[in-house]
Amino acid sequence: MLRLLVRPLVGLAAIALAVLVTGVSVQLFRGGFADSIEVTVISSRAGLVMNPDAKVQVRGVQVGRVASIEPLPDGRAALHLDVDSRRLDAIPANAFVDIASPTVFGAKQVQFVFPPNPSQESLRPGQVIDADHVTIEVNTVFEQLSAVLAAIEPAKLNQTLGAISSALAGRGDKPGQTLADLHSYLATLEPTLPALREELHVAPEVLRAYADTAADFVSITDSAARISDSVVDERHNLDAALISVIGLADVGQQVVGENRDDLAEVAHLLVPTTSLLDEYNQALWCALSGMVEASHIPPFKKPGVMVLAGFLWGQERYRYPNDLPKAGAKGGPQCAGLPKMPYGSAPPYVVADTGTNPWRRRYPGIVLNSDLIKQIMFGDTEHDGPPRNTAQIGQPG
């Protein structure tokens, strides 16, 4: 009896084991035992060819599935994704989401796209992401095309196609050549597309600048128009002025041409004078500036000349040959305190090799002797040689 029961029990156990293995395999295949977290993707529209259990991929590798699709009241759709928790570290928190289809008529898939600057943080459980791009479905294209075709009258469409056929009959080479030329033009323009893109990017700022200065441009144009009208109105006077200028040029050419040698000689003779004036331009400027400063000094309150007189020690008389004039001064031009002299001061005396120096002696004071008055009136007479204003030139004093 026991032997009769063993074989059925073994068969039932085998069948149960096969069912269990099949169920576990199906769950493993569907990811039922995987530890997943939920992420929500908001799509711009609900009419998607998207089914539950659709793939969620990162760079072509499946990392989860679409658990459910929830239509929202505003016409959008919320896609609840089950993402493998072990794959979260591979998905940055600022990743983009594209809803695309691998084929034209295939179902949609959710794809995570890496941004140019991926975040260091990974995707978080419960994070809500907006879909950046949704591929247009073929059924949507057919629906829009059907709406367009429904709005077109067949008779008018037939006439239009007939007219196009008649226009192109026997002229197929010309549209073909046009397309070939267009291709060559586009191939020529293609390398300059980055520059064109940059120009289009800065074009709004340039146009705004032109808009800000449009009133000035209009004013300039209006002024130019008025100037043109004035020139047209005064064209006779302008012609007369040009003729006079031509006559003056002829006279000037005649005068300069006939006297070019004399003018060249005069210019040559002026070179030393102009060179000397150029060398002493600083001193001349100081002197003229000093005169300007002196002209600003207010006059006396009462008209007249104020004279301050007093007795000074007599200066040394001019003697031969020490006081003969010489042209040996060196050192170049000097301003000597000009043009603005301090109040109550005088320009310093510049000692140079000019033959005499009236300040070459300093007198110690009054000397009580018989020559006191003579020294006060005529200065020191203890040098050889008579004064230059006597007839004894060259004789001892």
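Predicted model: local features only at pLDDT ≥ 70, side-chain atom pairs only at ≥ 80, totals over all residues.

Author: The patch lies on the surface and is formed by Val 148, Leu 149, Ile 152, Leu 157, Leu 161, Ile 164 and Leu 168, which together have about 600 Å² of accessible area. Two elements, α2 (138–151) and α3 (154–168), each give two or more residues to the patch. The largest share is from α3, with four residues. Leu 161, for instance, is found in helix α3.

Now zoom out. The protein chain has ten helices and eight strands. Its accessible surface comes to about 31,000 Å², and carbon and sulfur atoms hold 63% of that. As for burial, 15% of the 397 residues count as buried. If you look at contacts between residues at least 6 apart in sequence, 66% of them join residues at least 24 apart.

The structure holds one aromatic pair. It is made by Tyr 210 and Phe 217, with ring centres 6.2 Å apart and planes at 40 degrees, so the pair counts as tilted. Phe 217 is partly exposed, at a relative accessible area of 43%, because that value falls between the 20% limit for buried and the 50% limit for exposed. One more ring to look at is that of Phe 114: the charged end of Arg 59 sits over it, 4.0 Å from the ring centre.

Key
Residues numbered from 1 in each chain as written. Heavy atoms only, no water. Patch = residues over 30% accessible without salt bridge, like charges linked within 9 Å, V, L, I, M, F, W, Y side chains within 5 Å. Areas by Shrake-Rupley, 256 points an atom, 1.4 Å probe, with all protein chains shown as cover. Salt bridge = Lys/Arg side-chain N within 4 Å of Asp/Glu carboxyl O. Buried < 20%, exposed > 50% of the residue type's maximum accessible area, 1.4 Å probe, protein only. Contact = heavy atoms within 4.5 Å. Phe/Tyr/Trp six-rings, centres within 6.5 Å; stacked < 30°, edge-to-face > 60°. Lys NZ or Arg CZ within 6 Å of the ring centre and 35° of its normal.
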